[in-house]
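Work through the exercises below with the sequence and the model at hand. Each task is followed by a solution in steps.

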Amino acid sequence: MIGGGYEDVYSNPIVNEVIMPLQHTITVGALLVNGIILSLIFRKHGKEVGTYRYLLCCFAINDISYTILHYATFPVPETFPNIFIIRGHGPTFSTFWLSVYMGNYATGFPLLVSHFVYRAMALKWPYIIDHFFKLLPIALSVTFLCAATWFTSTYVFMKQDPESTAYMQPIFNGAVYSPVIHSPQRGPHYVGCVYWTDGTFRGGRIKNFIALFLLFIVMFIAYVIIIICFVFIVRFMR
């Protein structure tokens with residue numbers, strides 16, 4: 001154990017000694033910055049940015065929740081040929097809280113999209129901006145939908161089953177090289193995807209492909225909307 005309920009993650013002890021001070025520093029820094037943003041918004045300074053303060057407030061609160069979840073779970077993703085796995089190495093390492101973390105991670109995409117949509121609307125339809133708070137429930141509904149999608153992807157479709165566990169067993173036993181420490185005792189706390197069981201493009205596991213699709217579709221739609229808004233903003237400014 002590193003201390004504070006955190007496990008040794010990497011086989012190199014120097015790396016373990018370095019990442020934890022970074023983890024503490026980044027966490028404190030993120031909480032301070034977002035706390036300052038919220039304090040400025042709730043004071044008179046928030047009125048100076050108009051309805052944009054609603055988005056900033058949502059973004060700051062979401063980032064605080066993400067920071068706390070990341071600090072508590074300390075997830076470490078790993079990729080191997082044909083396999084993706086992730087596990088929490090913090091004080092809270094259950095698959096449920098890891099799935100909650102993944103759901104919270106997904107909320108960043110629609111909130112970021114909302115910022116780009118707001119900027120595009122401010123240029124094209126500035127009169128709507130004064131009533132933007134009325135559209136906020138839609139943005140928040142989409143945000144919670146994305147969170148539910150990634151939570152379901154992780155907790156349901158990435159959950160280990162006898163077939164995937166047998167395929168991952170050499171990793172958990174330490175027979176496959178990895179800079180991350182593995183053991184049979186840690187194995188049950190992993191979630192992940194095994195895409196093929198009989199060589200590439202043979203024996204595909206639909207369950208894990210659904211998990212991958214749910215992760216991908218959220219990111220794909222978000223980036224498409226961001227690119228569209230970016231192109232619109234650039235053309236409008238020209």
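**Exercise 1: an arginine in a loop**

Arg 205 is found in the loop between β3 (191-194) and α8 (206-237). The model is predicted, so local features need pLDDT of at least 70 and side-chain atom pairs count only at pLDDT 80 or more, while totals for chains, interfaces and linings use all residues. Residues are numbered from 1 along each chain as its sequence is written, and side-chain values use heavy atoms, with hydrogens and water left out. Helices (H or I, at least four residues) and strands (E, at least two) are DSSP runs, numbered from the N terminus.

Task: determine whether Arg 205 is buried or exposed, and list its contacts and polar partners.

Step 1. Buried means under 20% relative accessible area, exposed over 50%, and partly exposed in between (1.4 Å probe, protein chains only). Arg 205 has 7% relative accessibility and therefore counts as buried.

Step 2. Contact means heavy atoms within 4.5 Å. Neighbours within four places in sequence left aside, Arg 205 touches Asp 161, Glu 163, Ser 164, Val 194, Tyr 195 and Thr 197.

Step 3. A polar contact is a pair of N or O atoms within 3.5 Å; within protein, one must be able to donate a hydrogen and the other to accept it, and residues adjacent in sequence count only if both atoms are side-chain atoms. The side chains of Arg 205 and Asp 161 form such a contact at 2.8 Å. A polar atom of the Arg 205 side chain also lies 3.0 Å from the backbone oxygen of Val 194.

**Exercise 2: the strands**

Step 1. Two strands pair if DSSP finds at least two bridges between them. Glu 78 has Ile 85 as its bridge partner in β2, and Thr 79 has Phe 84.

Step 2. The hairpin of β1 and β2 has two residues between the strands, and Asn 82 takes a positive phi near 75° there.

Step 3. Phe 84 has Cys 193 as its bridge partner in β3.

Step 4. Ile 83, Ile 85 and Arg 87 on one side of β2, and Phe 84, Ile 86 and Gly 88 on the other, are all buried.

**Exercise 3: the whole chain**

Task: state the order of the elements, the dimensions of the chain and the share of buried residues.

Step 1. The chain has eight helices and three strands, in the order α-α-β-β-α-α-α-α-α-β-α from the N terminus.

Step 2. Along the principal axes, the C-alpha atoms fill a box of roughly 60 × 45 × 30 Å. Ala 175, in the loop between α7 (162-172) and β3, is 43 residues from Phe 132 along the chain, and their C-alpha atoms are separated by 56 Å. Ala 175 is exposed, with a relative accessible area of 64%.

Step 3. Of the 238 residues, 39% count as buried. Among contacts with a separation of 6 or more, 70% involve residues 24 or more positions apart.
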